Amino acid sequence: MKKYLMSPGPTPVPEDILLTMAEPMVHHRTPQFIEKVGEAMEGLKYVFQTDHDVLIFTSSGTGAMEGAVSNVLNPNDKALIITNGKFAERWGEIAESFQAKPIYLNVEWGEVCDPQEIAEILQENPDIKAVYTQLTETSAGVVMPIKEMGDIIKKTDALFVVDAISGLGGQKFYMDKWNVDICVAGSQKGLMLPPGHAYAAVSEKAWKMVEKCKQPHYYFDWLTYKKKLVGDHKDPFTGSVLHVKGLLKFLEKIKSDGIENRFKRYKVLAEATQNAAKALGLDLFAKEPCDVETAIKIPDTVDGKKLVKLMRDKYGFTIAGGQKHVKGKIIRIAHMGYIEAFDVISVIASLEIVLKELGWDFKIGSGIAAAQKVIIKKYKF
Ligand SMILES: Cc1ncc(COP(=O)(O)O)c(C=O)c1O
């Protein structure tokens, strides 16, 4: 059976990237490879839309999240964490594990915060060191108002830290223009690579705080990366050589497409998926749906867990279900990375077949038609 990977990470890897990564191993300390690391670090600036340093770690995305806490917050430091999903909650878990003192702005999953509330909390707590959020909260399919938040946070001493692990490369994002101080990402989503690389772009304001941080850390000591990686393009450890090669291929692709064209393409795929869901009589879960995945509510009469299992095991489509309290109640279809228009049409076709099998009443083909209408009108092949 042909398999379709349409989960919000890992995502499919294009054939030319896979081939590059299958080339013979090279040594990580050769001048030729060190030059490639430098090229990759420089190229990543375009993806983050930044002039700041971009660090590369051999780790999953959470490693960069951990570093963005342990290199910034000392024990008992205050941090504001906006929690509207599982990954937002992870910021809190990491901060607490380093004995920092998070202040939580709790928002329902699928909803976004009012940036004005952040302004008020920062005014009441001028000692807050950093504000942590997500560009796209993958557990809920929601996009946060990063620009508006940046406008508020830049007027304070606090750092603005954004987890763009699922959003980077697909969801509109401009690190410098939007006044983000630290942005973290991972390889296995919009960057079309296998899991294994994490990235962190770090502003000057952030480096100043990192230099003062006394929190103990070893592998993720960002000052070591600054000295060795930024300084000499040498990974302090034996980093994933293959990921660097794959990353350079991805950077070639995104530059030749143009990042703005990519943003537009994922927006169209999101609209096609959203309209398909509505045509099937289903509601979206997110109040502000993001462009890199669509979270769809599953009606009580339909077994959401069975739906995900049937799509994967009977028809070959790996999508994601809900996590924690929305397990079985939502599904999440990704349209990030190497996902194109006909992948979206195909996943909706399989969703329709499974919904019929599970007894949901709708006109067969209505979801596909709704998606096709958007694609015909707006998608650039
Ligand atoms: C927004 C977000 N943050 C963090 C993570 C965790 O990344 P990783 O599993 O690569 O550590 C994910 C993964 O799905 C994510 O989507």
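## Contacts along the chain

Let's start with how the chain folds back on itself: of the contacts between residues at least 6 apart in sequence, 72% join residues at least 24 apart. Here, two residues are in contact if their C-beta atoms, placed from the backbone, lie within 7 Å.

A quick note on the model: it is predicted, so local features need pLDDT of at least 70 and side-chain atom pairs count only at pLDDT 80 or more, while totals for chains, interfaces and linings use all residues. Residues are numbered from 1 along each chain as its sequence is written.

## Overall build

You'll find 13 helices and 14 strands in the chain (DSSP runs numbered from the N terminus: H or I of at least four residues for helices, E of at least two for strands). The radius of gyration, taken over C-alpha atoms, is 21 Å, close to the 21 Å that the globule rule gives for 381 residues, so the chain is as compact as a globular protein of that length. That rule is 2.2 Å times the number of residues to the power 0.38.

Along its principal axes, the C-alpha trace spans about 60 × 55 × 35 Å.

The chain splits into domain 1 (4–8 + 258–378) and domain 2 (15–256), with bounds from an automatic or database domain assignment. Their centres, taken over C-alpha atoms, are 28 Å apart.

Where they meet, 23 residues of domain 1 are in contact with 23 residues of domain 2. On the domain 1 side, helix 10 (259–279) and strand 11 (293–297) each supply at least two residues, and helix 10 gives the most, with four.
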